[in-house]
Amino acid sequence: MHSIIKTRLKYAAAIIAVIVVGLLSRRIAFIPQYVGDALWALMIYLIARFIFVKAHIKPIAIYSLVFCFAIEFSQLYQAPWINQIRQTLPGRLILGQGFLWTDLLAYCAGVSLGLLVDKKK
């Protein structure tokens, strides 16, 4: 049981670090936007690993990608109520604002990074 707590603490620290770096990436002009998108996907993967610490990593990677893709495709839906949510900071950070095919590639890169780091442990 102690090892699960220790593992979760490591994931929690990684999640916080990725959030900080991701937010900073949006403030520094010379960092391409796709870096922040990849970090967002990495954060989703790490959150899933934090919750399902004993699960196999490949299904977690697939579920994380499906979640990220679902959020991106949801941006094609432009109803007034959800656009109001998207205009808030949390809504913008979680739901995004506009669909971009390139974001899907960034999500693949972010989840792949998480998968690679997990495999090396």
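Predicted model: local features only at pLDDT ≥ 70, side-chain atom pairs only at ≥ 80, totals over all residues.
Before I show the pockets, let me say what is meant by one: on a 1 Å grid over the protein atoms alone, a pocket is an open set of points with protein on both sides within 12 Å along at least five of seven lines, whereas a cavity is a set where a 1.4 Å probe fits but cannot get out, and lining residues are those with an atom within 4 Å of a point. Residues are numbered from 1 along each chain as its sequence is written, and side-chain values use heavy atoms, with hydrogens and water left out.

Let me begin with the largest pocket, whose lining consists of 26 residues, with Arg-26, Trp-40, Arg-92, Leu-93 and Ile-94 nearest its centre. Two or more of the lining residues come from each of helix 1 (2-27), helix 2 (33-51), helix 3 (57-74), helix 5 (89-95) and helix 6 (101-120); helices here are DSSP runs of H or I with at least four residues, strands are E runs of at least two, and the numbering starts from the N terminus. The volume of this largest pocket is about 710 Å³, where a volume is the space filled by probe spheres set on the grid points, which are joined across faces, edges and corners. Sorted by class, its lining has 13 nonpolar, seven polar and six charged residues; Ala, Val, Leu, Ile, Met, Phe, Trp, Tyr, Cys and Pro count as nonpolar, Asp, Glu, Lys and Arg as charged, and the others, Gly among them, as polar.

The second largest pocket has a volume of about 190 Å³. It is lined by 12 residues, and those closest to its centre are Tyr-11, Ala-14, Leu-46, Val-117 and Asp-118. Helix 1, helix 2 and helix 6 are the elements that each give two or more residues to that lining, which by class comprises seven nonpolar, two polar and three charged residues.

Staying with Tyr-11, which lies in helix 1, we find that this residue is buried at a relative accessible area of 4%, and here buried means under 20%, exposed over 50%, and partly exposed in between, with a 1.4 Å probe and protein chains only. Tyr-11 and Ile-47 are 36 residues apart in sequence, yet their C-alpha atoms are 7.4 Å apart in space.

Now to the salt bridges, meaning a side-chain nitrogen of Lys or Arg within 4 Å of a carboxyl oxygen of Asp or Glu. How many salt bridges does this rule give? The count comes to two. In one of them, Asp-118 pairs with Arg-49, with the closest N and O atoms 2.7 Å apart. Because Asp-118 lies in helix 6 and Arg-49 in helix 2, this pair ties together parts that are 69 residues apart in sequence. Asp-118 is buried at 10% relative accessible area, and Arg-49 is buried at 7%.

Asp-37 forms a salt bridge with Arg-26, the closest N and O atoms being 2.8 Å apart. This pair joins helix 2, which holds Asp-37, to helix 1, which holds Arg-26, across 11 residues of chain. Asp-37 is buried, with a relative accessible area of 8%, whereas Arg-26 is partly exposed at 41%.

Val-18 lies in helix 1 and counts as buried at 12% relative accessibility, and its C-alpha atom is 6.4 Å from that of Leu-39, 21 residues apart along the chain. Val-20, also found in helix 1, counts as partly exposed because its relative accessibility is 43%. Together with Ile-16, Leu-24, Ile-28 and Phe-30, Val-20 makes a nonpolar surface patch of about 510 Å².

Finally, Leu-76 sits in the loop between helix 3 and helix 4 (80-86) and is exposed, with a relative accessible area of 55%. Between the C-alpha atoms of Leu-76 and His-2 there are 44 Å in space, and 74 residues separate the two in sequence.

Definitions and conventions: Patch = residues over 30% accessible without salt bridge, like charges linked within 9 Å, V, L, I, M, F, W, Y side chains within 5 Å. Areas by Shrake-Rupley, 256 points an atom, 1.4 Å probe, with all protein chains shown as cover.
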